[in-house]
Structure formats: structure tokens, C-alpha cells
Amino acid sequence: MTYLFDDPLSFPSDAVEGLVAAHPEELLRVHGGVVRAAATPAGQPALVVGGGSGHYPAFAGWVGPGFAHGAPCGNVFSSPSSDQVHAVARNAENGGGVILGFGHYAGDVLHFGVAAEKLRAEGIDVRIVAVSDDVASGQGGDHRDRRGIAGDLTVFKVAGAAIQEGADLDEAERLAWKANDATRSLGVAFDGCTLPGAEDALFHVPEGRMAIGLGIHGEPGIDEVDMPSAAELARVLVDGVLEETPELDSDRVAVVLNGLGTVKHEEMFVVWKHVAGLLAERGLTVVRPEVGEHVTSLDMAGLSLTVMRLDEELERLWLAPADAPAFRRGAVVEGPRGEERGEVYAPGEDPIPEATAESQEGAARVLEVLGALEELLTGLEPELGRMDQVAGDGDHGQGMLLGIRAARTAAQRSVEGGAGARTVLVQAGAAWSAEAGGTSGALWGAALTSLGRALADDAAVTGDALLTGLIQAVEAIERLGGAQVGDKTMVDAAVPFRESLAAASGAAGPAIVEAARKATAAADATADIVATKGRARTHGEKSVGTPDPGAISFSRIVTLLGEHLS
């Protein structure tokens, strides 16, 4: 379990602040995460790597010369918001462009992608590298479609070393992808991990059994076997990782035996003894192995094995010095060092445009509805979390609660500043996305923003404008999320809701009530669907019998909206 915390909701931020306090000469706290205390040398590409909290040393522990320049830190097991990624990248970039690196998860792809578009609009050259080393998350097909686990270490170490040597943005990106395509990983678990403040673990492995192919966000494995000995486990890991041949086929390898949180070093060394022997039997020469905790999952009891094939280029970069709080190699990191950092970028609140009294009246009604939604989602949090544990990571309820709280707070501030309905919704949407993180955070943030853009600050909120905005909100969810009806996501409830609104005539309130009924029926029906999108797709069969939590939360939210408007 997680023993020490104050407020579970502030746990990720509190941990980052403590990390920076422990390394004040190396790290600087900025909005959304950390950067190096010294500025990035002028013209040097910035490597910004990140993901959810709960994985330390990844990712903030890797910020330093020879490694990363900054790390956005999301909520526990949730991607950083696009706002966080953008802010960290702005503080890390210094004229050489940015590489955004993360594990290949839907929420990270979405949020880092949105941040990249914003950075490009500001004239910054951005490249995206999504690590995809986990062999258990996809058999055959395109290696780059898989999720990223402990291979983050090898890929980002290579990219950071290349940048320290003087690589430009194109070269650093090439080498990062080369390292990714040469890397394979497989993980196992003996028991699940526990979110701060939670009463129980996200999942349990039956006593005497071991789960194979787990993710690092609390996702259960894809198979279970009897608990092996250390020697038997070593063979499971080595056979699984070496089952396929990467594009770079060589007999020299970088290897990481990674502890996920509870398995300690002595146990890992026993396993490593056998892993080293098995790799030698396969004719492989291990180059500077790493045995320890590198990409954890809070207190998960488990291990993963990562193997990166090496040619002369990758081997040189793997062995190059690095000087980060959680990864130090070599006596001296050669190359340019940054100067003392000047002004730090921090995103500010958007100015509040003038609004008419009619629109301000609509803004007050928006705030009232957001307050009711906060009360609804507070009560739903445990139920949504239980649904999400079945085939996901159990954080959907917490993420929704973080989002609505931030949205309601931002709306309150906007209303007090005299904002109209449009501005209140747009600022509430930005706050939801920034604080909730994850795929649902980005989608609900976009939905509120799209709804707001259909309204005006200089006119009253009309039924027609509201219906148009709600249709646009669902269209934004469909466009950004990429899911379709039948994938077992929020879209399964959202599309029937949109279609019903589009066909409606008459007053907005009754139209929304009827559309919400259809959304609720569709959400309940997702219990019969095998998940094919998001984290749950890896464990799709396990999701049968349980409705999708995103679809359920959508249906409950629009039901409440209908009740308030009818």
C-alpha cells in the first residue's frame, strides 16, 4: 500500500515539490513538472520526457546533462495535460527545437500531440517519439503500435546522449526511433499496486500465481501461471523478449532488469544471475546492464526485462555519461552546459472579455450546473473506479473528479470576474484538461471548450445555440479521441446522444432529456462489448460484463444536464 501522503489528490504535485527540494542545484519546479536548474544551452535540442506520476525514477529523475531537459508530471498513472507539456517544453526549449518523448498510451499521444501543435504554432520545431517496447501489448503487426514500459530508459538515454554530443533535432529524433525499434520488453507481476488513499490494490494476483504481460499503470496481465522460481522466471522473461528479432539484429545488447516497486534488489540480483546466463547461452554479449528500479508502478510487486540491440552507434550512446538525480553514469558529462536560467514561463489566465448582462446570466447558470456535476461525480468516483479496474488502471473516477473540480473552480473565478457564458465554458474546459490529464481529461476539456465556442459573451444563451454546442462537443470528442461506436469508449454513449440531438425539434430541455435516455441505454449496453481502444484493449475480454466507465460517466452527466434544463 501507499503509506505516506497528505491529500491523495495532491500526491503527485507534493512528490514533485519534494524531489526538487531534494535536488535544488539540479532541478527547477515549473508549471506542470520540472526542468534543469540551468537553462538549456542555446541552440541545443531539448528532450522533454514525461507521463503519469507513480513511475519514479521515470521521468523527473532523468532530467540532467546527458539525459532529459525537462519532464511534465501528470497525475498518478495519467498523462500530463497538454497545458503541462506545453509549459515544460517552453521552459526547456532554447532555440534548438524539442523532442517530446513518452510511452505509447492513448492519453499521452493525445496530450503531447495537442501541446506539439501549440508549440509549432509558436514557431518551435517539435518532434514526437512514442516508445513502444512492450511485446505483450501486441503480437505481430507494427512494433510502434505497442505501449511503452521500461524501454523508456534505453530510448531516452540514447536520445539525451546524442543531444549532449551535439546532435541536431533531426539526428536526435533518428537515433531515438532507432533505439525504440531495437528495444523489446516484457513484464510480470505477483500483485497489484495501490493508489494513494485507496483501500485496496487496483488488482490482485491469486496466491501462488504470477501475471504475465502487465502494464505499468496497474493494468493486470494478459495471462497467469503458477509462481515460478527465480530461474524459471528468468527463462520466461528472456524467451518472451527474444521471441522476435528487432530491425537491428546484433549480438551485443543493453539490458535492463527493472523492479516495479516491491521486489527488492537482492531478489532482482538472483533473477539477473539466471538472465545473464541465458543471454550468454543465446550468444549475446551484455553491455553495461542496469539492475534496479527505473520505471516503477508505485508498489507493484513485479519485474520487467528490457533488451536493446546495439550497433556501434547505439552502444556509444548507451555508455555515454549522464548526470541526472536518478541516473548517474561516468565521471564527467562533456559538452555545453547551460547558463543560469532567466525568466521562467508560466501560463497565465486568459483575459476576461466584456460580457452583456444576458450572457453573464447564462454564465451563472453554467456555474450552477458545474457545481451539480461536481456533486454527482464525487458520489460516482468509487463506482467509476471499480469499473475501470476491471480492464484499465482504476483512475477514471479520480480523473473525472479532478477535472470537474478544476472546471468548477475556473468557472467560479470567471463568473466573479464578470465573464459571459462563452468565456466561462472555455476557461472551465482548459482547467479540466490541465488538471485531470489522461484521455478523458483531454476529451472533456475539448468538449466544454467546443460547447463554449457555440455560445457568445454578448448575447443570451439560446436553446438553439446550446443544442449546436452540445453537438459540436461530441464531434470534438469523436475527432480528437479517434474512437468509433463499438470500441467500448465514451463514444458509444456520445454518438447516440449527438444523433438524437441532431434529429430533435422543439425546446432544448426535452431534447436533451431524450438524448440522455439514449446515451444511458447505449452506455449500459457497452457491458456486452469487448474493448478495442485505450488501455482496456489489451485486456478486452476481461471487460465483458462491465460497462465502459467513460460511457457511463458521459450518460450520467448529460442526464443531469437534461434534468437542470427541463
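This is a predicted model: local features need pLDDT of at least 70, side-chain atom pairs count only at pLDDT 80 or more; totals for chains, interfaces and linings use all residues.
Local features need pLDDT of at least 70 and side-chain atom pairs count only at pLDDT 80 or more, while totals for chains, interfaces and linings use all residues. Residues are numbered from 1 along each chain as its sequence is written, and side-chain values use heavy atoms, with hydrogens and water left out.

Helices are DSSP runs of H or I with at least four residues, numbered from the N terminus. H11 (residues 421-436) packs with H12 (residues 438-453) at about 175°, the axes being 7 Å apart. Axes are lines fitted to C-alpha atoms over the stretch in contact, and angles run from 0 to 180 degrees between N-to-C directions. H11 and H12 are therefore roughly antiparallel, a term for angles over 145 degrees. Contact means heavy atoms within 4.5 Å; among the residues that meet are Trp432 in H11 and Trp444 in H12.

H14 (residues 491-503) and H15 (residues 508-525) pack at about 150°, with axes 8 Å apart, and are therefore roughly antiparallel too. Their contact includes Phe497 of H14 and Ile512 of H15. By class, this contact has 11 nonpolar, 1 polar and 3 charged residues, where Ala, Val, Leu, Ile, Met, Phe, Trp, Tyr, Cys and Pro count as nonpolar, Asp, Glu, Lys and Arg as charged, and the others as polar.

The structure also holds 5 cavities of 30 Å³ or more. A cavity is a set of points on a 1 Å grid over the protein atoms alone where a 1.4 Å probe fits but cannot get out; lining residues have an atom within 4 Å of a point.

How values were computed. Helices (H or I, at least four residues) and strands (E, at least two) are DSSP runs, numbered from the N terminus. Angles under 35 degrees count as roughly parallel, over 145 as roughly antiparallel, 65 to 115 as roughly perpendicular and the rest as oblique. On a 1 Å grid over the protein atoms alone, a cavity is a set of points where a 1.4 Å probe fits but cannot get out, and a pocket is an open set with protein on both sides within 12 Å along at least five of seven lines; lining residues have an atom within 4 Å of a point. Grid points are joined across faces, edges and corners, and a volume is the space filled by probe spheres set on the points.
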